[in-house]
Amino acid sequence: MLSKTRWEGNFNMKNYSKYQKGYFMPPKVDMSWAQKEYVEKAPIWCSVDLRDGNQALIIPMSLDEKVEFFKMLVKIGFKEIEVGFPAASETEYDFLRKLVEEDLIPEDVTIQVLTQAREHIINKTFEALAGVKKAIVHVYNSTSVAQREQVFKKSKTEIKQIAVEGAKLLKTLTEKAGADYQFEYSPESFTGTEIEFALEVCNAVIDVWQPTPDKKVIMNLPVTVAMSMPHVYAAQIAYMSQNMKCRDSVVISLHPHNDRGCGVADSEMGLLAGADRIEGTLFGNGERTGNADIITIAMNMFALGVDPKLDFSNMPELIELYERVTRMQVYARQPYSGELVFAAFSGSHQDAIAKGMNWRKTEDSKHWTVPYLLIDPNDVGREYDGDVIRINSQSGKGGVGYLMEQKYGLDMPKKMRENFSYRVKSVSDHKHQELLPDDLYSIFRDEYVNVETKIKLIDFILKKEPDGSRKGAVHLEVDRKEVVCEAVGNGRLDAVSNAVQGYLGIQYSHLTYSEHALEIGSTSRAMAYISITGDDGKVIWGAGMDTDIITASVKALFSAINRMIAVK
Ligand SMILES: CC(=O)SCCNC(=O)CCNC(=O)[C@H](O)C(C)(C)COP(=O)(O)OP(=O)(O)OC[C@H]1O[C@@H](n2cnc3c(N)ncnc32)[C@H](O)[C@@H]1OP(=O)(O)O
Ligand SMILES: CC(C)C(=O)C(=O)O
């Protein structure tokens, strides 16, 4: 958390005229891509976690941490991985060497390295690549108005020359190494560059590299800093895609940062507008507000029925590793991965989810349509019990009942669920905290099951009369004194009920009753639920648990009676 003193100063939100549009619309704007509804096929994914993500960390990853992260990226299914900026530091350099020397790069994975378009940095990068036969060498220089004026203090021609010289050096050194490297160029700060100039620089680099459809180059058009709404970026991508030289020999790649919170939207719209490849990171880690979150882009495809060709089925494992090695945190509401993204605390959501889940069981529906859940949490390794229905004072009977049924096999009557859920809400409200399933079970057990505060069942013997009624005796303990009462009734429960009402001088009506087995087998127990209505009209619920079903029902009755007496 930022310390309070950091916030002292003169802030002026009225000063918005200080800001102006820093992006450039293409000379011809084509928005036909906006007719497409969704991204129909997985792009080429390139993880830049180990470079862009890593360079933004307070403490960059150690060598071992980078190796662990790399293995996870491979497991997820990335085929292109930017492993670092080998000229940046010893760790970056050594990491690349370790991958090579310990043969950690699978056959079907291509590593990528980043270099500035500066001779000594490129030389150092190639030194680090010694012995690597297949790689993507990615060179960049800034082309934006601001960088030209303020940082490089160079003309457009000079800036283009930096790119061209860098491109030439990559070609020369690759030929010298006899390697099969693919080339990538980024007009860094593309979003602040006049679009025609960006195109001119890219085309000049293409002229140097002379790609063919069999040997494509990658032109990466980064949102180094997000400056516009996503449709503007997409219009820029459409223009670049339509006007770039040798388009069939060029892979158009996107690398959106998230300054405006639109990294994912920029990526998706850019793909619709003609891009082929996405550079991004897991959970959107990266400079400032981060890079585009590849998990979200991929899972958005998945949620529309498209195979994203990346596997996020074990999100909890991924989060554990990511948080440990980056020392960052996955935000609780991060799409698809945050702790709370499948959680429903509010009653009406829980009720709809519980009904939706039950509907799926009976309807055998092919497509996932459960309300409030975009995807099935199970698909990304999340549990319905602990992750979806979560209980606090906003919860309702639907969710509470669903949890009690799923977790403990307790199928309470609907009205009892309601009664219990109000009890649960009250506990949560007063404690001001979330309640876990075990807390719910404790409340249920303490409040409703085998309650013996005033009267306790010791035994009962009832015989069936020729007319079908029951007659006999009930052995009770009342206020710790043993008593035996005569019992007569239509059935066993009715007989016991009549005996107790007579002995205690109380009255109630409208007895409702239901029961079910708790476990299957010889040692199985039964659970019975009973409600009684007092002469004040109040409905009181009780539950009884026993190995014998009749005893369970009598205990449920006694629970209800004891609870009724307690509130009087
Ligand atoms: C948007 C992005 O994320 S791009 C990637 C950024 N990532 C990083 O910078 C992390 C790794 N970088 C580093 O470790 C260091 O910057 C190094 C080792 C690469 C270079 O270090 P240094 O040369 O000491 O410093 P620095 O990067 O500040 O160099 C600045 C000089 O390079 C020039 N420069 C910067 N980027 C480029 C580029 N892409 N191409 C050509 N020249 C460049 C600047 O104009 C400046 O020139 P000047 O010395 O004439 O003023
Ligand atoms: C090097 C480039 C692609 C970059 O990281 C950026 O522009 O954000």
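Okay, let's start with strand 13, residues 526-534, which runs antiparallel to strand 14 and pairs with it over eight bridges. When I say two strands pair, I mean DSSP finds at least two bridges between them. Strands here are DSSP runs of E, at least two residues long, and helices are runs of H or I, at least four residues long, both numbered from the N terminus. If you want one spot to look at, find Ile-532, which stands opposite Ile-540 in strand 14.

This is a predicted model, by the way: local features need a pLDDT of at least 70, side-chain atom pairs count only at pLDDT 80 or more, and totals for chains, interfaces and linings use all residues. Residues are numbered from 1 along each chain as its sequence is written, while chains are lettered from A and ligands numbered from 1 in the order in which they are written. pLDDT is the predictor's confidence in each residue, from 0 to 100, and the chain averages 95, with 97% of the residues at 70 or above.

Strand 10, residues 470-478, pairs antiparallel with strand 11 over nine bridges, and Ala-473 has Glu-486 in strand 11 as its bridge partner.

Is Asp-52 buried or exposed? It's buried, with 24 other C-beta atoms within 10 Å; the cut-offs are 20 or more for buried, 12 or fewer for exposed, and partly exposed in between, with C-beta atoms placed from the backbone. Asp-52 lies in helix 1, residues 49-55.

His-257 is in the loop between strand 7 (250-256) and helix 9 (263-272). His-257 is buried as well, with 25 other C-beta atoms within 10 Å. Leaving out residues up to four places away in sequence, its contacts (C-beta atoms, placed from the backbone, within 7 Å) include Glu-287 and Asn-291.

Conventions. Contact = placed C-beta atoms within 7 Å.
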